[in-house]
Amino acid sequence: MADQSGPVTARESVAVIVPAYNAAATIGAAVASALAEPEVSEVVVVDDASQDPTSEAAAAADDGTGRLAIHRLAENGGPARARNVALERSGAPIVAILDSDDRIIRGRFRRLLAMPHWDLIGDNMVFVSSEVAAEEAAARYGASPPRPVLTGLDLATFARGNVPRQGHRRREMGFIHPLMRRDFLDRHAIRYNEAMRLGEDFELYARALLCDARFVLCAAPGYIAVERPDSLSARHRVTDLEAFLACHDRLERMRPLTRAEADALALHRRSVAGRYALRRVLADKSDKGVAAAAAWLAMRPRSWSPVVAGIARDKLAALRSAPAAADTRPTTLFDIPAPDPVPAAPRTARGDVRLAGGTQ
């Protein structure tokens with residue numbers, strides 16, 4: 001299969017795939033934002049056996065151009081399964097993922113498709129906490145987008161960028177929703193791991209980078225994520241974290257790692273292991289009692305620190321008589337460069353990525 005390394009032409013259209021579960025309240029805005037982009041040739045919604053009228057709400061957003069397809073699964077299979085079904089039932093050479101409660105900023109695909117030399121290309125994300133804030137952010141960044149400063153992304157930087165930092169909002173690089181070349185995914189047999197309901201994005205992007213994907217990031221925002229306390233990513237089950245932890249074994253066997261890659265993946269593994277240990281102890285305490293939780297922890301001394309720290313954070317939050325009000329201001333995944341009248345040349349030096357709130 002030919003390697004596409006130059007700028008994408010208008011003929012190389014985009015398939016936007018939308019996995020959805022119980023998303024009737026939000027999917028209409030998501031679908032409409034994708035259909036508004038002229039580069040989009042198909043929007044494929046996969047309703048993952050919703051218990052609400054998600055399919056009907058998606059259909060109501062149809063613009064009559066024949067680009068919207070809706071598929072309803074008989075049984076819930078999770079977001080990875082829904083995305084794989086959408087990949088199977090779409091055909092455009094460029095694939096873009098859109099979550100059912102998010103939306104595309106106008107002009108996103110035109111900007112990204114003009115960039116050369118990539119297999120995956122992601123852009124900045126704006127995180128908001130309400131539909132009103134999403135509309136305001138879409139209008140703001142769609143009207144005057146910042147300059148598209150580019151940087152290359154390697155595996156070590158990506159893995160380090162997925163380790164949460166205490167005292168900071170969670171802004172992990174696995175949140176990125178890149179455009180992906182279908183021929184690259186097909187050539188390397190890359191699809192979402194359907195055994196995972198947490199971290200499936202991290203695993204797919206890491207596998208792509210292990211296959212030497214040219215992964216480029218653009219600092220200009222193109223995607224709006226509406227954060228909700230009841231989202232799937234906010235509910236981490238023990239089995240979800242077990243599967244996330246297990247994916248590291250497969251990643252580390254794909255090819256020999258550099259020292260930087262091995263260190264970064266080990267750091268990320270420890271982070272996931274700490275989250276797993278805390279969730280396991282809390283689940284055992286709830287289901288089997290304090291003695292069972294203590295017995296499990298006693299056999300794993302390396303897990304004591306993250307478990308004690310996590311419990312202490314929870315206790316402290318519960319004891320506060322007047323919790324601080326939630327910060328509802330929009331934030332971005334990366335720092336946005338200051339305006340510059342001189343166009344910057346694309347930068348592909350590895351490791352040059354700065355997340356909002358500090359350097360990685």
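**Salt bridges, a buried serine and the core**

Mentor: In this predicted model, a salt bridge joins the side chains of arginine 269 and aspartate 249, with N and O 2.8 Å apart.

Trainee: How many residues apart in sequence are the parts that arginine 269 and aspartate 249 tie together?

Mentor: Arginine 269 belongs to helix H10 (residues 259-288), whereas aspartate 249 belongs to helix H9 (residues 238-253). The pair therefore ties together parts whose separation in sequence is 20 residues.

Trainee: Is arginine 214 buried or partly exposed, and which class holds for aspartate 119, buried or exposed?

Mentor: These two side chains form a salt bridge in which the closest N and O atoms are 3.0 Å apart. Arginine 214 has a relative accessible area of 26%, so it counts as partly exposed. For aspartate 119 the relative accessible area is 5%, and since buried means under 20%, aspartate 119 is buried.

Trainee: Which residues are linked with Asp201 in a network of salt bridges?

Mentor: Aspartate 201 meets arginine 83 in a salt bridge of 2.3 Å, N to O. Aspartate 201 lies in helix H8 (residues 200-210) and arginine 83 in helix H3, so this pair ties together parts 118 residues apart in sequence. Both aspartate 201 and arginine 83 are buried. The network that includes Asp201 also holds Arg83 and Asp99.

Trainee: Which side chain makes a polar contact of 2.8 Å with that of serine 90?

Mentor: Serine 90 sits in the loop between helix H3 (79-88) and strand E4 (94-97), and with a relative accessible area of 10% it is buried. The side chain that makes the 2.8 Å polar contact with serine 90 is that of arginine 182.

Trainee: How many residues make up the largest nonpolar core, and how many the second, separate one?

Mentor: Among the members of the largest core that touch the most other members are Val16, Val43 and Phe109. Beyond its neighbours within four places in sequence, valine 43 is in contact with residues including Val16, Val18, Leu35 and Leu68. The second, separate core includes Ile105, Val128, Ala137 and Ile224.

Definitions and conventions: Residues are numbered from 1 along each chain as its sequence is written. This is a predicted model: local features need pLDDT of at least 70, side-chain atom pairs count only at pLDDT 80 or more; totals for chains, interfaces and linings use all residues. Side-chain values use heavy atoms; hydrogens and water are left out. Helices (H or I, at least four residues) and strands (E, at least two) are DSSP runs, numbered from the N terminus. Buried means under 20% relative accessible area, exposed over 50%, partly exposed in between (1.4 Å probe, protein chains only). A polar contact is a pair of N or O atoms within 3.5 Å; within protein, one must be able to donate a hydrogen and the other to accept it, and residues adjacent in sequence count only if both atoms are side-chain atoms. A nonpolar core is a set of buried Ala, Val, Leu, Ile, Met, Phe, Trp, Tyr and Cys residues joined through side-chain atoms within 4.5 Å. Contact means heavy atoms within 4.5 Å. A salt bridge is a side-chain nitrogen of Lys or Arg within 4 Å of a carboxyl oxygen of Asp or Glu.
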